[in-house]
Amino acid sequence: MANLHNLFPQRVTLSDETHQYWHDNGNEHLSFSKFFGFLTGEKPDFDKLAGFVAKRDGGTQETVLAKWKSQTDEGTRIDKALELFAQTGQILQEDADLEPLVKKVLEKYSTYHRCFEQVVVFDENRRTAGSLDKLCLLSNRKNTKFHMNDFKCFEGGMQYAPKGQPWLNYPLNHLPNSKYVKICLQLSYYSLHLENLTDMRCEAQFIDMIVPKKENGKVIGYSNSLIPAPYMKMEIEAALNMFQPQIIATLENNNLQPAF
């Protein structure tokens, strides 16, 4: 449920069915996840990874895949509950167990001038787009500073060590291929797009981390903290410029009709 806003003309929308971004002129725009693929060159084989984890830890591939799906589903459920409560003050009956968490997480945003959720930012020339989690404005000025936040729910908390390919591809080969770096770049991707669409400036970025606490495999509570994420504006600019031909080629080769 995207938050209505007047920050800029909303010419790009996200198709929930296909997870593609479409401009009102019919052009598809590339998402951050696909853009990040240019920086890793990897297409994870989840079946193979699950088999490796099962062999390492003892168990079956099916059990590992089911666990990963459960963790993803729980993160999505928390995201949707946070978004609904922020916009309507309501919590669905099936999410009643999340009410203390939702209220605790969102309390920290009450001091901002205004907050928005699921705003689609885009670049018409580069044909890129993304849907941000939480945009926080510090004032009502057109050139206000803003904070860019992203909700994440990870068992074990944030991961800083590289996995698989140790470094990102050129021109960001000075950065490790870690989950933390990926999220910092994701937030920076959103902030750069927003700055280019408005007169606003990014002052800070944060990862709003939610970590489930478990006993005997059952969630009994959650911890919540903010992790600072540097604004990597120059890195995103460099990567977008570097991969511009690949972005256009990818979009033109997969240019299906939008599902309106």
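Strands β8 (residues 145-153) and β9 (residues 201-215) run parallel and are joined by nine bridges. One residue pair can be picked out in this predicted model. His147 has Ala204 of β9 as its bridge partner.

The pair belongs to a wider arrangement. Five strands make up an open sheet, ordered β4-β7-β8-β9-β10. The pairing in this sheet is mixed. Strands of a sheet pair through backbone hydrogen bonds, in either a parallel or an antiparallel way. At the edges stand β4 (114-117) and β10 (218-228). Each of these two has a single partner strand, so one side of each lacks a neighbour in the sheet. Direction ignored, neighbouring strands here are turned against each other by 20° on average.

Next, the helix on the sheet. Helix α5 spans residues 179-197. It lies across β7 (134-137), β8, β9 and β10. Relative to β8, α5 runs at about 145°.

Now follow the chain to two further helices. Helix α6 covers residues 233-242, and helix α7 covers residues 244-253. Their axes lie 4 Å apart, and the helices pack at an angle of about 60°. α6 and α7 are therefore oblique to each other. On the α6 side, the contact is made by Leu240, Asn241 and Met242. On the α7 side, Gln244, Pro245, Gln246 and Ile247 make the contact.

Key
Residues are numbered from 1 along each chain as its sequence is written. This is a predicted model: local features need pLDDT of at least 70, side-chain atom pairs count only at pLDDT 80 or more; totals for chains, interfaces and linings use all residues. Side-chain values use heavy atoms; hydrogens and water are left out. Axes are lines fitted to C-alpha atoms, for helices over the stretch in contact, and angles run from 0 to 180 degrees between N-to-C directions. Angles under 35 degrees count as roughly parallel, over 145 as roughly antiparallel, 65 to 115 as roughly perpendicular and the rest as oblique. Contact means heavy atoms within 4.5 Å. Two strands pair if DSSP finds at least two bridges between them.
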